[in-house]
Amino acid sequence: MSKSVLLIEDDTQMQSFIIEYLKEYEFECKGFADPKEALKDFEKNSLEYDIMILDLMLPNMDGFDLFKRVKKIRDIPVIISSARGDIGNKIHGFELGVDDYLAKPYEPRELVLRINSILRKNSPNKIKIGEFEIDKANHEVKLDDYPIEFTKIEFEIFIFLIENLNKVSSREQILHATSLDENTKNRTIDMHISNIRYKIGDEAKESKYIKSVWGIGYKFVG
């Protein structure tokens with residue numbers, strides 16, 4: 001199964017070259033020159049990407065500022081790819097939490113090797129979204145390091161909503177993503193959602209995480 005890369009690089013020639021080169025190694029790569037457009041896409045589709053390659057010298061927004069905003073949405077692995085190769089920028093990047101730092105110019109093969117090295121260390125079963133840490137393999141969810149005790153069905157619903165972050169899911173879609181009987185009524189789905197909200201402290205009139213979309217269903221907002 002191919003891995004998905006989000007590339008933020010304002011040099012369109014460099015961007016095209018990296019996208020084509022990564023394709024040769026079976027990576028799906030989506031590129032953006034505008035950091036604001038990249039951020040908008042990431043807010044909607046953050047879980048579709050396995051890793052991000054980020055330039056620092058971008059129009060309208062510094063790469064380090066974009067990195068901070070990205071990490072608030074999801075803790076995705078990030079490689080800095082920048083002509084700012086001085087030790088000060090490298091130290092600053094690693095202090096912020098970047099996974100690797102490549103100073104331009106570099107051999108594209110080295111980029112591939114570093115991507116593969118990082119992805120080997122990052123389990124697809126572990127997800128971090130905002131204050132939530134999820135271990136799918138062990139059915140564990142933590143909110144600000146506090147363990148949340150979900151039932152099997154609640155966990156299945158929670159994971160489905162997380163994996164469809166910022167997208168509206170109908171009750172029927174939620175039902176088919178769980179081990180509930182296919183004849184289960186909508187009210188039962190609503191009850192499970194209500195229990196999940198209670199356990200994550202999301203019972204306020206204006207829910208912070210799980211939003212109700214009238215006449216359709218629910219969406220998890222990250």
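Modeller: In this predicted model, helix H8 lies across E11 and E12, and H8 runs at about 150° to E11.

Biologist: What makes 150° the angle between H8 and E11?

Modeller: Angles run from 0 to 180 degrees between N-to-C directions, so the value of about 150° for H8 and E11 takes account of which way each of the two runs.

Biologist: How do you know that E10 and E12 pair?

Modeller: Pairing requires at least two bridges between two strands; E10 and E12 have two bridges, in the antiparallel sense, and therefore they meet that requirement. At one of the places where they join, Ser 170 has Gly 217 of E12 as its bridge partner.

Biologist: Why are E10 and E11 called edge strands?

Modeller: The open sheet has the order E10-E12-E11, with antiparallel pairing, and E10 (169–170) and E11 (210–213) each pair on one side only. Helix H6 packs on this sheet, touching E10, E11 and E12, with its direction at about 70° to that of E12.

Biologist: What makes the 28 residues that include Phe 158 a nonpolar core?

Modeller: Such a core consists of buried residues of nonpolar kinds, joined through side-chain atoms within 4.5 Å, and buried means under 20% relative accessible area. The 28 residues form the largest set of this sort, and Phe 158 is among those with the most contacts inside it. H6 (152–163) is one of the elements that give two or more residues to this core, and H6 gives the most, with eight. Beyond its neighbours within four places in sequence, Phe 158 is in contact with residues including Phe 132, Ile 196 and Phe 220.

Definitions and conventions: Residues numbered from 1 in each chain as written. Predicted model: local features only at pLDDT ≥ 70, side-chain atom pairs only at ≥ 80, totals over all residues. Heavy atoms only, no water. Buried < 20%, exposed > 50% of the residue type's maximum accessible area, 1.4 Å probe, protein only. Helix = DSSP H or I, 4+ residues; strand = E, 2+ residues; numbered from the N terminus. Contact = heavy atoms within 4.5 Å.
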